[in-house]
Amino acid sequence: MNVSVTAGIQTVKLLIDGEWVQSQASEWRDIVNPATQQVLAKVPFATQAEVDAAVAAAQKAYVGWRNTPVGARMRIMLKFQALIREHSKRIAQTLSAEQGKTQADAEGDIFRGLEVVEHACSIGSLQMGEFVENVAGGVDTYTLRQPIGVCAGITPFNFPAMIPLWMFPMAIVCGNTFVLKPSEQDPLSTVQLVELALEAGVPPGVLNVVHGGKDVVDALCTHADIKAISFVGSTAVGTHVYNLAGQHGKRVQAMMGAKNHAVVLPDANREQTLNALVGAAFGAAGQRCMATSVAVLVGAAKQWLPELKALAQKLKVNAGSEPGTDVGPLISRQAKQRVLGLIDSGVKEGAILELDGREVNVPGFEHGNFVGPTLFSGVTTDMQIYTQEIFGPVLVVLTVDTLDEAIALVNRNPFGNGTGLFTQSGAAARKFQSEIDVGQVGINIPIPVPVPFFSFTGSRGSKLGDLGPYGKQVVQFYTQTKTVTARWFDDDSVNDGVNTTINLR
Ligand code: NAD
């Protein structure tokens with residue numbers, strides 16, 4: 001992998017113009033296994049000159065790449081998807097070690113990204129323009145969907161495979177070139193995927209990688225030669241990126257934070273619903289943007305709380321590398337401290353702590369950033385555990401009397417990423433999907449992340465920008481439409497003479 005060993009410490013390289021280069025950065029950060037605190041490697045915070053070199057390489061490569069036939073671009077994606085399949089288990093091991101999720105969940109992370117690469121193989125039909133013959137006498141109009149130039153992607157720590165794969169495959173298959181800035185907390189599996197992209201035939205400069213934090217992100221958002229920015233991460237940073245890059249004339253899409261409500265009606269299938277809630281709340285230690293973090297029990301479903309607690313209590317907290325693990329560690333010590341602080345605030349603010357994961361003990365992994373499944377009832381909408389995205393294994397339970405009240409509650413929350421309704425009533429489901437102001441809606445589905453034929457979306461504080469990642473929307477995002485209105489003259493065509501009115505003949 002593209003980490004080199006200097007004085008016994010592995011260092012992650014930058015990818016500039018097809019070469020893996022050692023950064024000259026003065027600032028480096030440890031990549032740490034969150035279950036053990038073992039330092040896996042060091043990642044540089046690239047210098048301005050290195051960011052400029054990556055963008056310049058992408059700019060130089062753009063000229064040739066945009067003219068590469070669509071079939072050639074597509075065949076690289078075909079090879080890339082085959083390579084990802086072949087190397088999925090190996091990359092999942094790296095991902096599990098640096099991120100903490102279980103091997104199976106890490107393979108799922110890669111698989112959901114792989115689906116986007118598979119979809120990129122349909123670029124021939126996805127990037128098709130439109131044509132209308134004879135819009136006026138002998139005049140045809142058609143559209144070209146052209147790439148826009150150098151694009152950049154900024155990704156979060158929680159899906160180091162899926163989210164980079166939401167971005168660069170679709171961007172480059174449309175004919176753009178790309179600069180990727182992976183999460184500085186777990187870039188190793190992302191780098192392994194980029195290596196496979198090069199092996200699949202992505203030419204030098206078409207895909208570049210710079211590492212770092214705020215300074216590198218700001219350098220990309222303000223760079224004169226970058227045309228579009230895709231961002232996935234928290235709402236605070238996403239809003240900053242959206243504003244800064246927008247001020248610098250770029251197209252921006254920002255997929256951001258969440259507080260996902262599962263609304264449970266009393267007619268729901270009890271066993272399936274409770275299983276779904278527990279899996280979606282505590283899987284990946286709650287570090288999914290689509291994790292269920294709020295359960296809204298409606299009417300008699302309030303009586304399901306003890307069963308919910310009993311199921312959550314059974315989950316096994318352990319390192320992602322250990323067989324049978326349900327809940328792995330949080331990404332960092334700081335993340336753990338933040339989650340513990342929010343749990344403390346819930347207790348102080350008067351919520352009932354039904355299940356307390358603060359003192360969880362994991363034999364053999366005493367230094368890991370573990371928090372056990374934590375469940376609060378009696379939660380009100382002014383408490384911090386409700387107003388903030390906790391991003392940990394914490395489920396807060398609210399109760400209401402009617403579906404209307406539940407819909408109003410969800411729509412009042414500042415976030416609108418995902419939500420689910422659990423019911424056996426088609427009429428209730430139809431009302432919910434129509435009235436709820438949330439991007440991804442699940443009906444008896446706890447984590448309704450759309451497959452790549454559709455696009456990921458989001459409402460209110462969860463998304464900025466009109467167009468989402470993958471699906472048809474991202475083809476619009478990564479291309480610009482040009483209309484051509486054309487007329488051809490036969491040698492014997494009649495001279496029209498000069499016409500000073502605004503019409504076509
Ligand atoms: P984050 O916002 O801290 O970091 C995201 C990226 O921004 C990283 O690459 C990071 O280096 C960079 N960054 C961090 N601070 C910055 C700053 N001050 N200025 C400029 N750039 C900065 O997010 P995270 O903790 O890595 O990821 C978790 C967050 O991502 C959660 O809020 C989660 O809901 C969200 N998320 C959203 C989606 C979605 O599709 N809506 C998907 C996954 C994760």
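**Cavities, a buried glutamine and the ligand surroundings**

Thirteen residues, written 13 in the count used here, line the largest cavity, and those nearest its centre are Ala258, Gly286, Ser293, Glu389 and Phe391. This picture comes from a predicted model. The space inside the largest cavity comes to about 100 Å³. In total, the structure contains 3 cavities of 30 Å³ or more.

The surroundings of the ligand come next. Around the ligand there are 29 residues, with Thr155, Lys181, Glu184, Ser234 and Glu389 as the closest. Lys181 places a polar side-chain atom 2.7 Å from an oxygen atom of the ligand. For Glu184, a polar side-chain atom is found 2.6 Å from a ligand oxygen atom, and Ser234 likewise has a polar side-chain atom 2.6 Å from an oxygen atom of the ligand.

A further residue worth a look is Gln440, which belongs to strand 21, spanning residues 440-443. Gln440 is classed as buried because its relative accessibility is 2%, under the 20% cut-off. Beyond its neighbours within four places in sequence, Gln440 touches Met290, Asn417, Gly418 and Thr419, together with Pro448 and Pro450, and also Ser455, Phe456, Thr457 and Gly458.

Definitions and conventions
Residues numbered from 1 in each chain as written. Predicted model: local features only at pLDDT ≥ 70, side-chain atom pairs only at ≥ 80, totals over all residues. Heavy atoms only, no water. 1 Å grid on protein atoms, 1.4 Å probe; cavity = no way out; pocket = protein on both sides within 12 Å on 5 of 7 lines; lining within 4 Å. Points joined across faces, edges and corners; volume = space filled by probe spheres on them. Helix = DSSP H or I, 4+ residues; strand = E, 2+ residues; numbered from the N terminus. Buried < 20%, exposed > 50% of the residue type's maximum accessible area, 1.4 Å probe, protein only. Contact = heavy atoms within 4.5 Å. Near = heavy atom within 4 Å. Polar contact = N/O pair within 3.5 Å; in protein donor to acceptor, adjacent residues only side chain to side chain.
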